[in-house]
Amino acid sequence: MSEFVTVHRHEGGVAELVLDRPKAMNAVSTDMARAIGAACAELAADASVRVVVLSSTAERAFCVGADLKERNSFSDAELLRQRPTTRGAYGGVLELPMPTIAAVHGFALGGGFELALACDVIVADETAVVGLPEVSVGVIPGGGGTQLLPRRVGAARAAELIFTARRVEAAEALALGLVDSVVPAGSDRDAALAMAAAMAANSPVGLRAAKRALRLGHGMDLTAGLEIEDAAWRTVAFSGDRAEGVAAFNEKRKPRWPGV
């Protein structure tokens, strides 16, 4: 799609959004942020995409966060003008309507970790090092980190990690819930694609509705959450996918999802 982001289509409705600025370890420049946002908009509008994997071509990193060399050249006015573009990148990943999986290896720091946090599931390999070190350079996590991290690990743990700016290696990251699985070095992408294939075998309508219920219901009181779930149920209960799923179960065959 651009110099810094590519999209690969795999069988079964899996799409791979690849961060492809390896010489800079995928530091997110203005142009790269714009490309991420554009790629997400394209994927979000594509009904044939069932699951998205976010991966990296950089050998030593998933993404090291904002391009601080570029930022160092900005005036205050230029930094302010860049903000909507930056938010568009992180928001684009977060708002994808289908399930998303981050395949993380090496450094996933600052905005890089925020891109992973914007995904539904994070698969990391043994080389992964994650963290939100923004306060160590005089800013705060601004790609969703202050909101997404406590939703994963709780407010107190998120505060400790953000206030200390410390980096967390893979084993501890798994123990703390910062990532969801740890796989052998070099296998994060393959593991994420395998998980994506397993997800994509299910109803596209069901996957999107389940994600919507999970996202919208999080943080609500139980009564409100159940109403959100009921609304999502109603979108699938009378769908072609529901009819096909029930028929396939009774006929003991694999479903052929119409996706509507």
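Trainee: Is Lys 211 buried or exposed?
Mentor: Keep in mind that we're looking at a predicted model. Buried means under 20% relative accessible area. Lys 211 comes in at 7% relative accessibility, so Lys 211 counts as buried.

Trainee: Which side chain does Lys 211 meet in a salt bridge?
Mentor: Look for a carboxyl oxygen within 4 Å of the side-chain nitrogen. Here the N to O distance is 2.9 Å, and the partner is Asp 120.

Trainee: How many residues apart in sequence are the parts that this pair ties together?
Mentor: Lys 211 sits in helix H9 (residues 204-217). Asp 120 is in the loop between helix H4 (111-117) and strand S7 (121-125), so the parts they tie together are apart in sequence by 91 residues.

Trainee: Okay, over to Glu 160. Which residues are joined with Glu 160 into one salt-bridge network?
Mentor: Start with Arg 157, whose closest N and O atoms with Glu 160 are 3.5 Å apart; both residues lie in helix H6 (residues 155-164). Glu 160 also meets Arg 166 in a salt bridge at 2.7 Å, N to O. Salt bridges that share partners join Glu 160 into one network with Arg 157, Arg 166 and Glu 172.

Trainee: Now the sheet with the order S4-S6-S8-S9. Which strands stand at the edges?
Mentor: Four strands form this open sheet, and the pairing is mixed. An edge strand here has a single partner strand, so one side is left without a neighbour in the sheet.

Methods: Residues numbered from 1 in each chain as written. Predicted model: local features only at pLDDT ≥ 70, side-chain atom pairs only at ≥ 80, totals over all residues. Heavy atoms only, no water. Pairing = 2+ DSSP bridges. Helix = DSSP H or I, 4+ residues; strand = E, 2+ residues; numbered from the N terminus. Buried < 20%, exposed > 50% of the residue type's maximum accessible area, 1.4 Å probe, protein only.
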